Amino acid sequence: MPAAAPNAFTVDLEGWYQSLRPDPDEVPLAAQRDGIREGVDRLLELCGRRGVKATWFTLGSVAELMPAELRAIAGAGHEVASHGYGHDDVDLLGAEGFAADLAKAEGLIEGACGAKPRGYRSPKWSAGRAGAWYFDALRQRGYAYDSSLNPVPLLGARGMRHDVHRVRGVAELPPTAVRTLVGGLPCGGSVGLRNLTHRVIARRVAALNAAGEPAMFWVHPWELAQKRLAGRMPLATRLVCNVARVDLAARLDRLFGEFPFGTAQAALDARVARGPLPEVETPAFREARA
Ligand SMILES: [Zn+2]
């Protein structure tokens with residue numbers, strides 16, 4: 001019997017200030033190196049023990065600062081993908097700025113670990129505020145997939161899809177959300193993964209898999225290194241970081257025991273093997289901020 005098609009387990013490889021948006025000048029990336037390293041070590045250990053290969057959406061600035069860590073990740077058989085260079089919103093970069101940021105990140109990631117990224121995730125889900133040029137740039141640079149269109153109204157736009165689809169030649173693997181009466185809520189990552197019950201999350205994964213769709217999970221190293229980091233964070237950030245009912249490592253360990261997880265590329269390959277992806281010419285982009 002063939003192995004069950006995997007769900008995607010992904011890591012956004014960045015520092016905590018980048019996730020939570022305090023003033024970047026306040027805590028330079030180099031000062032967050034220990035926290036990133038601790039989270040990476042925990043994730044590598046957990047994935048290694050469960051035989052899960054993850055996709056690491058890596059910032060070019062992290063590849064530049066921590067090439068040895070990136071080599072260890074690639075050396076353990078994980079997929080290394082791109083999260084841009086400096087965690088800038090792609091809609092604010094604009095078409096030309098985005099193309100330059102994409103190329104810069106790619107060069108640094110490839111230089112550090114030898115792997116050319118084939119997948120991309122936009123910082124802060126900002127692709128949902130960009131335009132068709134975003135997918136054209138990815139396609140022109142040879143990217144096979146994107147994972148940025150968040151079907152949660154606050155993070156993406158109304159009308160964004162929950163299933164894997166194709167936009168202007170690039171496959172889109174949306175982050176997993178649960179449907180509610182008020183719209184989608186994050187489920188495969190962020191506050192949802194840390195606060196919903198295991199039962200709610202497992203039912204969503206099972207429902208997607210029953211429909212032939214992979215779930216898309218995402219975590220950040222800081223979510224697994226909170227104790228070390230908490231003392232260094234401003235109070236407001238600490239509150240956001242620590243709004244968690246559960247031990248995230250234990251939660252992931254349980255999910256890995258119940259469902260197959262693998263790289264985004266493996267999840268996409270398995271999905272494409274089941275049939276063609278729905279084509280969307282122009283998704284429901286959210287209006288750019290003024
Ligand atoms: Zn990010």
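Modeller: The buried residues of helix 4 pack against strand 1 (7-13), helix 2 (33-50), strand 2 (55-58), helix 3 (60-65), strand 3 (79-82) and helix 5 (90-113). This is a predicted model. Helix 4 itself spans residues 67-75, and its buried residues are Glu69, Leu70 and Ile73. These residues lie on the same side of helix 4, because they cover an arc of only 100° around the axis. Just after helix 4 comes Gly77, with a positive phi of about 90°.

Now take one of those neighbours. Helix 2 is among the elements that the buried residues of helix 4 pack against. The crossing of helix 2 past helix 11 is right-handed.

Which residues meet there? From helix 2 come Leu46, Cys47, Arg49 and Arg50. Helix 11 supplies Ala249, Leu252, Asp253, Phe256 and Gly257. By type, the residues of this contact divide into five nonpolar, one polar and three charged.

As for the setting, the protein chain has twelve helices and twelve strands. Of its 290 residues, 56% are buried. Take the contacts between residues at least 6 apart in sequence: 78% of them join residues at least 24 apart.

Note on methods: Residues numbered from 1 in each chain as written. Predicted model: local features only at pLDDT ≥ 70, side-chain atom pairs only at ≥ 80, totals over all residues. Heavy atoms only, no water. Buried < 20%, exposed > 50% of the residue type's maximum accessible area, 1.4 Å probe, protein only. Helix = DSSP H or I, 4+ residues; strand = E, 2+ residues; numbered from the N terminus. Arc of directions from axis to C-beta. Contact = heavy atoms within 4.5 Å. Left-handed = near helix turned anticlockwise from the far one by under 90°. Nonpolar A, V, L, I, M, F, W, Y, C, P; charged D, E, K, R; others polar.
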